[in-house]
Amino acid sequence: MLTARIIPCLDVKDGRTVKGTNFVNLRDAGDPVELAQRYSDEGADELVFLDISATLEGRSTFLRMVERVAEVVRIPFTVGGGIGTADAVRWALEAGADKVSLNSAILARPQLIDDCVRGVGGQSIVAAIDVRRQDSTWTVWTRAGTEPTSRDAIVWAREVVERGAGELLVTSMDRDGTKSGYDLGLLRALSDAVSVPVIASGGAGTMKHMRDAVVDGRADAVLAASIFHYREIQIEELKRYLASEGIPVRPASFSTL
Amino acid sequence: MAGTVAIISYRSGNVRSVVNALRQLNVGCTVTAERTVLERASRIILPGVGEARSAMEALEQASLVDWIRETRIPFLGICLGMQVLFERSEERSTTGLGLIPGTMARFESDGTLKIPHMGWNTIQHDASSPLFNGISPDEYFYFVHSYRAPLTDQTIGRTDYGVTFSSAVSIRNFYGVQFHPEKSGSAGLRLLRNFIERC
């Protein structure tokens, strides 16, 4: 049976992992390759690396990090953050990433999704959508969640899937960094609106939040950062809990070489 | 047998993951589309990401279609590399290598089934196949695909996702797996090692 995926997210700046609260106040939480290996050993199903470097030098450091991760980590990983062209998508995949997440660039030019899908296939393209609640609707935000757009999250999700994106990474900006739980209404609405897998992001504070995202939000995967980095939740313990709640999860591997 | 593992190169990214996985097994490999290099290989791996039509076109351009059909070298197709072992794919009405009868069909969503089938799933495998030597039936492997292979006499692994489909096949010297062993942790490495040492 297909399992719910647990995905630690590593924010990377100039080759180092960082994580902030509500995208500010960054704290250093270690070497990304080492951390990736540790998460893989502990049973993470997938990893996401977001490049938050602002400089060209930081970006080339990030690509070298992608290569090093691909050498040692034998689970799938997605990279994102500031990727804006079909060429940059190809470079990231050639460096060894399995998927690339696109956010601000596809809001500015939705056709980029079609271009990438034609070149590398939709299974490698993740549409990242940052959302804030506005009265009774959900609005898409751009530029790392700093600027609102005029787009409705549900309408935008349908469009990116129509254009061929293979997965959605949905971050609630209202919840991000609050540890008050994922935005279940948002997840449920998006998951029901599209046929592709949905990754829940923003707000995880407890194991129950993750259960709720899968059961009530119908998410296919749950993503979190600081609660994993600072060992507030251990992946093995989380998987035991989810299994006890009737959610299929992948236990630690049985095979030995 | 002398020779090395040859990975058939496509214009797509995931060749590198297979190279990295083999390196972790201390297995040397060469990435090539040259028939003369392939002929000297001890094992051949056809990885695959992308879609069926362009994969077949790439093999045709390299004049490899007839050669692959006739080779006796142990051969492993991964993901799309398994799909092209079949006769046909509904994906852009593509004709495959035709080594295994049947047509690749798209998963049909019933409203709740997410497509692609993406993530970790189990395989009810044929325990007598050397490919699965030492691999528990409870083991999980990583999948990402929108088209599925039918169950046939060549099926050696079955997986459930809405329907039951072939997640592993073998015929003569040819093996195919729908999942990505190069991305499936230690179980995947074990399967790759089985292919190199036992198939």
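This is a predicted model: local features need pLDDT of at least 70, side-chain atom pairs count only at pLDDT 80 or more; totals for chains, interfaces and linings use all residues.
Residues are numbered from 1 along each chain as its sequence is written, and chains are lettered from A in the order in which they are written. Local features need pLDDT of at least 70, side-chain atom pairs count only at pLDDT 80 or more, totals for chains, interfaces and linings use all residues, and side-chain values use heavy atoms, without hydrogens or water.

**View 1. E159(A) and R151(A) form a salt bridge.** The N to O distance is 3.6 Å. E159(A) is partly exposed at 23% relative accessible area, and R151(A) is also partly exposed, at 26% (buried is under 20%, exposed over 50%, partly exposed in between; 1.4 Å probe, protein chains only).

**View 2. D192(A) pairs with R218(A) in a salt bridge.** Here N and O are 2.8 Å apart. D192(A) belongs to helix 7 (residues 184-193) and R218(A) to the loop between helix 8 (207-215) and strand 12 (221-224), so the pair ties together parts 26 residues apart in sequence. Helices (H or I, at least four residues) and strands (E, at least two) are DSSP runs, numbered from the N terminus. D192(A) is partly exposed at 44%, as is R218(A) at 37%.

View 3. K208(A) is partly exposed at 46% relative accessibility, whereas D212(A) is buried at 9%. Salt bridges with shared partners join K208(A), R211(A), D212(A), D216(A) and E245(A) into one network.

Note on methods: A salt bridge is a side-chain nitrogen of Lys or Arg within 4 Å of a carboxyl oxygen of Asp or Glu.
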